[in-house]
Amino acid sequence: MNFDNTHIAIRERGFAEVMDLALHVTRRHCGPLLLCLLAGATPWAVANGLLLYPMVEDVDWEGPIPYAMMVLLLAAVEAPLATAPMTLYLGQVTFANEVSVGRIVRDFFRSVPQMLWSQGILRALCAPLVVPLLLPYVVWPYLSELILLERNPVFPGKQKAMTTRRRSKHLHSASAGELFTRWLVSLVVGALMVTAFTGAAFTVAATVFDLQPSGIVGLTVIMPASLWLVIGFFAVVRFLAYLDLRIRREGWEVELTMRAEAERLARLA
């Protein structure tokens, strides 16, 4: 780990700077991030399509709100697990000169039980109630990063270790207002991006390939694909915002500098 030679400059940023940096990171690591997104999101997207296919015949295509709401609801439950490979990749590429696919896979499966419980089952149980389902994004938006990257245990054990719940409370508690504002901004920008990607796909199909996708294709293929692309982008935003919050709340840049100096002295010794 190169604590003093990170690929992303460790400093405080505003949310607009975080989103701008996310664009640069996405452009620079487009290929690996897209592969991670495909590996994580494709099974969920296919499962959603099969699960919701019976609704297609009953959808009123002039106002297909129920189908779209179900897609959004399922994506909200599945997004943390679907974007976990992206988070693990970003965690490696921030500090390491080389990325290990094997390590990403091992870390993912090591974190699956806690991710399934904290980010999957609890969200699914709250699925009939939209507000509780969205609360983790508002109150604990960086819970996935804590589970995947810091890997705190669920229970303290005999050593009284820092649990994921305590760590999450410590990280998020003093920034609730700012996190809520960032969530609202992300929601608005994300909705605009899904609309733009969907419209762009129809335009490209019509002008480049001389095709006119039907409403069913747009709702069942193009819209979900656009949604998952936006979810993938905001996984990058969330990771960078997590780093920013640690810098603001915990002086993380100072900690990294001290770790780098300790490693340098250890090598000299």
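**Exercise 1.** Describe the salt bridge between Arg182 and Glu178 and the exposure of its two residues.

*Solution.* Step 1: the side chains of Arg182 and Glu178 form a salt bridge, with N to O at 3.1 Å; the term requires a side-chain nitrogen of Lys or Arg within 4 Å of a carboxyl oxygen of Asp or Glu. The model is predicted: local features need pLDDT of at least 70, side-chain atom pairs count only at pLDDT 80 or more, and totals for chains, interfaces and linings use all residues. Residues are numbered from 1 along each chain as its sequence is written, and side-chain values use heavy atoms, with hydrogens and water left out.

Step 2: Arg182 and Glu178 are four residues apart in helix α9, so about one helical turn separates them. Helices are DSSP runs (H or I, at least four residues), numbered from the N terminus.

Step 3: Arg182 is buried because its relative accessible area is 8%, and Glu178 is partly exposed because its value is 35%. Buried means under 20% relative accessible area, exposed over 50%, and partly exposed in between (1.4 Å probe, protein chains only).

**Exercise 2.** Determine which parts of the chain are tied together by the salt bridges of Glu145 and Glu150.

*Solution.* Step 1: Glu145 pairs with Arg238 at 2.8 Å, N to O. Glu145 lies in helix α7 and Arg238 in helix α10, so this pair ties together parts 93 residues apart in sequence. Both Glu145 and Arg238 are buried.

Step 2: Glu150 pairs with Arg167, the closest N and O atoms being 2.6 Å apart. This pair links helix α7, which holds Glu150, to helix α8 (residues 164–172), which holds Arg167, across 17 residues. Glu150 is partly exposed because its relative accessibility is 22%; Arg167, at 7%, is buried.

Step 3: in total, the structure holds eight salt bridges.

**Exercise 3.** Identify the residues of the largest nonpolar core that touch the most other members, and list the contacts of Val237.

*Solution.* Step 1: the core has 55 residues, of which Leu90, Val236, Val237 and Leu240 touch the most other members. A nonpolar core is a set of buried Ala, Val, Leu, Ile, Met, Phe, Trp, Tyr and Cys residues joined through side-chain atoms within 4.5 Å.

Step 2: helix α10 gives the largest share of this core, 17 residues.

Step 3: apart from neighbours within four places in sequence, Val237 is in contact (heavy atoms within 4.5 Å) with Phe15, Val18, Met19 and Ala22.

Notes:
Helices (H or I, at least four residues) and strands (E, at least two) are DSSP runs, numbered from the N terminus.
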